[in-house]
Amino acid sequence: QYLESGAYLAKYRALQHKALSSVRQFVCAAFSKAAAEVIEAQQRAQQAKGAAGAAGAMAAGASSKAGLETALLYVKFKAAVPDLQKVVGAIQMRLSRQDYSRLMHDIQRFYSEKRIEVLGESVEDHLLNYQTSNELPMLIRLGSAYLIQVTQMEYQLFRYFFPNSDAEALEQVV
């Protein structure tokens with residue numbers, strides 16, 4: 001009666017692996033698309049800033065620049081991938097199984113890579129702007145405050161996508 005159970009189990013495992021690969025591709029493609037949209041928006045903002053010239057840059061306050069950066073780096077990224085919470089939630093419910101745990105680890109690693117790609121240049125530019133206009137104590141104070149804000153926003157964004165996960169995966173970004 002159970003003579004062919006081994007063959008059925010092998011077929012089941014193959015189909016399960018194919019399904020998990022499909023989920024991984026879907027989630028990674030969504031994060032890639034979101035990162036590409038944010039990077040494109042950052043480039044457009046940089047071009048617009050360059051076209052506006054120094055007079056426009058002086059007129060625009062630092063708070064509006066920070067608001068634009070926040071919108072680009074976080075809000076736009078969230079908006080680009082609205083349906084991932086359901087998929088990630090379904091994966092998190094099955095984390096006790098090794099396949100799903102590995103899938104979640106891969107997704108979080110990919111998420112971290114994309115966030116580093118999105119944040120890297122922006123954070124560096126921001127800190128360099130502080131460096132050119134301030135003395136060392138002010139530079140340290142402003143730089144630290146900015147890095148704390150970025151860390152808090154990254155933590156919130158990570159919790160948005162991975163509400164039940166360890167924050168260890170976030171260490172790579174922060």
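Me: Among contacts in the chain between residues at least 6 apart in sequence, what percentage join residues at least 24 apart?
Reply: This is a predicted model, and the elements of its chain run α-α-α-α-α from the N terminus on. Among the contacts between residues at least 6 apart in sequence, the share that joins residues at least 24 apart is 76%.

Me: Is Glu-154 buried or exposed?
Reply: Glu-154 has its place in helix H5, which covers residues 136-161, and the residues it touches include Tyr-74, Tyr-111 and Arg-115, when those up to four places away in sequence are not counted. Buried means under 20% relative accessible area. Because the relative accessible area of Glu-154 is 1%, this residue is buried.

Me: How many residues apart are Phe-31 and Phe-161, which form an aromatic pair?
Reply: The rings of Phe-31 and Phe-161 lie 5.3 Å apart, centre to centre, with 90° between the planes, and the pair is edge-to-face.

Me: Over the ring of which residue does the charged end of Arg-115 sit?
Reply: Ring pairs link several residues into a cluster, among them Phe-31, Tyr-160 and Phe-161, and the charged end of Lys-78 sits over the ring of Tyr-160, 4.7 Å from its centre. The charged end of Arg-115 lies 4.6 Å from the centre of the ring over which it sits, and that ring belongs to Phe-77.

Technical notes
Residues are numbered from 1 along each chain as its sequence is written. This is a predicted model: local features need pLDDT of at least 70, side-chain atom pairs count only at pLDDT 80 or more; totals for chains, interfaces and linings use all residues. Side-chain values use heavy atoms; hydrogens and water are left out. Helices (H or I, at least four residues) and strands (E, at least two) are DSSP runs, numbered from the N terminus. Buried means under 20% relative accessible area, exposed over 50%, partly exposed in between (1.4 Å probe, protein chains only). Contact means heavy atoms within 4.5 Å. Rings of Phe, Tyr and Trp (its six-membered ring) pair if their centres lie within 6.5 Å; planes under 30 degrees apart count as stacked, over 60 as edge-to-face and the rest as tilted. A charge sits over a ring if NZ of Lys or CZ of Arg is within 6 Å of the ring centre and within 35 degrees of the ring normal.
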